[in-house]
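Here is a short tour of one model, starting with a helix and moving on to a sheet. Keep the structure open beside you as you read.

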Amino acid sequence: MAMTTLSSPVLALTDITKRFGDVRANQRVTWTLDAGRIYALLGENGAGKSTLMSILAGRYQPDGGEIHLRGSPVRFLSPAQALASGIGMVYQRFMLVEPLTVAENILLRRGPIRGKRTRDIRQIRELAERYGLLVNPLAPVRTLTMGERQRVEILKLLYRQAEILIFDEPTAVLTHAEIDSLFDVFRQLKEEGKTVVFITHKLEEVMAVADEIAVMRRGRMVSRVAAAQVRSHHDLARMMVGREVILSVQKPPVAIGEAVLTAMGLSGPAGADRLKFQDVDFEVRRGEIFTITGVAGNGQEQLVAALAGLAPMAAGTVSFRNRAYTAARWRRRTGDGLAYIPEDRDRTGSIDAFTLVENFMLTRLDAFGGALWVRRRRAARATAAAVRDFSIQGGGIRGLAAHLSGGNRQKLILARELSRRPDLLIAEQPTQGLDVRATEEVWQALLRQRASAAVLLVTGDLKEALTLSDRIAVMFRGRILDIVSAREAADIDRIKLLMAGLGKRE
Ligand SMILES: Nc1ncnc2c1ncn2[C@@H]1O[C@H](COP(=O)(O)OP(=O)(O)OP(=O)(O)O)[C@@H](O)[C@H]1O
Ligand SMILES: [Mg+2]
């Protein structure tokens, strides 16, 4: 098989084991990696992927097992030690210091940067150019997009001459075009004889760029195959979940009811130099999933933030449950009926230092009325139900949100918002970072929700939009170009054209 090469592996893991309390995150994982190859690491949410990679990168120490680097045993007590040996990792949640500049972040922990500064910055520029990782070294990190921040993380590793580069779900925060350029970077690293490992839930990404595929399930490495031998997405899905995954859902017919939300002439955000969305009109009716799609960066993010009340609108009116609000009043609206699943679940969705129950109470205080202990008991019951219904794996309902795997954290927020029984549910990229099984579960849940509520789905994932939506609005440069009822193949082509700003009906 193509997988075995004559040269010895650059990295060999033998029987790596890691426990967190009662959770066995990694169980006797054995894996070898060669130079000049791209590896995709797959597995369900909570399978132990991030843990295994964090061990390689020196963030965690294994409870058992050995790591050999170029034939010699190694033990990393910190990420700095791993990096000094040439192993670096870009985490699911970036580790940049926001107020500092790009260059300061890259040069961090290398002593004072005065004096050598111009030479260092020139070096960073050269590196950025060589890999097509375009970013201004003097820009403060807090002004950068997620895509640019990721480039800084990669530059940090390349600057320190990493030979083995590990990426934890790197594409989750990127646009389609950014994903293509990231894969170009992967290929270039491979050409130079470096080793790339990336974690993903998107099977098409695996097929696009990986040489080898490794699949984890419940802490174990369950299969390894050459990418060339995989015939279909279904093969991969089955390996991950251990059963057939259909990846499609039944969409039961539901009677369409009254308009729950009507947006008229919305523009915003207020106070910005440039409007990010403009003259937006649409309505979402009970019984339907109304989807807003578009290439990231065309105003969807700002529109949702405004609708969710996180940012002020400049103009327009919103009518919600038969009450009309001006742009200014909408944000100060009180009362319930609206649930929101934010895209940025780390910042607006959950709090690390809180237990699952406490996180569950965050947006539901009203629902758990009474004395504090009564509330806590009710919340504990609701949380336990959510954990069961969405198979949220982690340290139990009294465990900290910080200890949940990325996907399980998302499922917790989803479960909480769905359990509020809202009239309107705004779901922003609800399956980002979820494995195939969880994606299927969330799709089912959203379809169930539509029986009793209006659902506003915001997604850049066309398959998701087409699977779930009753109507799809395509945004381009801040405006809704058209609203399409996605039933036929011709509609799909139209949506793609609209996403590129073409094909607007006159
Ligand atoms: N610091 C921690 N403390 C306690 N438990 C943890 C910690 N980190 C991870 N775990 C647990 O270990 C298991 C594996 O988690 P890990 O983050 O490695 O999964 P993953 O495969 O990366 O999942 P995802 O696809 O959801 O990101 C999970 O059950 C998780 O709850
Ligand atoms: Mg993970």
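## Helix H6

Helix H6 (residues 176-191) has 16 residues and should span 22 Å at 1.5 Å a residue; the C-alpha atoms at its ends lie 23 Å apart, which agrees. The expected span is 1.5 Å times one less than the number of residues. Helices here are DSSP runs (H or I, at least four residues) and strands likewise (E, at least two), numbered from the N terminus.

This is a predicted model, in which local features need pLDDT of at least 70, side-chain atom pairs count only at pLDDT 80 or more, and totals for chains, interfaces and linings use all residues. Residues are numbered from 1 along each chain as its sequence is written, and side-chain values use heavy atoms, without hydrogens and water.

Glu178, Ile179, Leu182, Phe183, Val185, Phe186 and Leu189 of H6 are buried, meaning under 20% relative accessible area with a 1.4 Å probe, protein chains only; exposed means over 50%, and partly exposed lies in between. Seen down the axis, the buried residues of H6 fall within an arc of 150°, so they line one face of the helix. That arc is taken from the directions from the helix axis to the C-beta atoms.

Among the elements that these buried residues pack against are strand E3 (38-43), helix H4 (117-131) and helix H5 (146-159), with contact meaning heavy atoms within 4.5 Å. On the other side of H6, His176, Ala177, Asp180 and Glu191 are exposed.

## An open sheet

Turning to the sheet, 4 strands in the order E12-E11-E14-E15 form an open, antiparallel arrangement; strands pair if DSSP finds at least two bridges between them. Strand E12 (277-285) and strand E15 (323-326) are the edges, each pairing on one side only.

Note on methods. Chains are lettered from A and ligands numbered from 1 in the order in which they are written.
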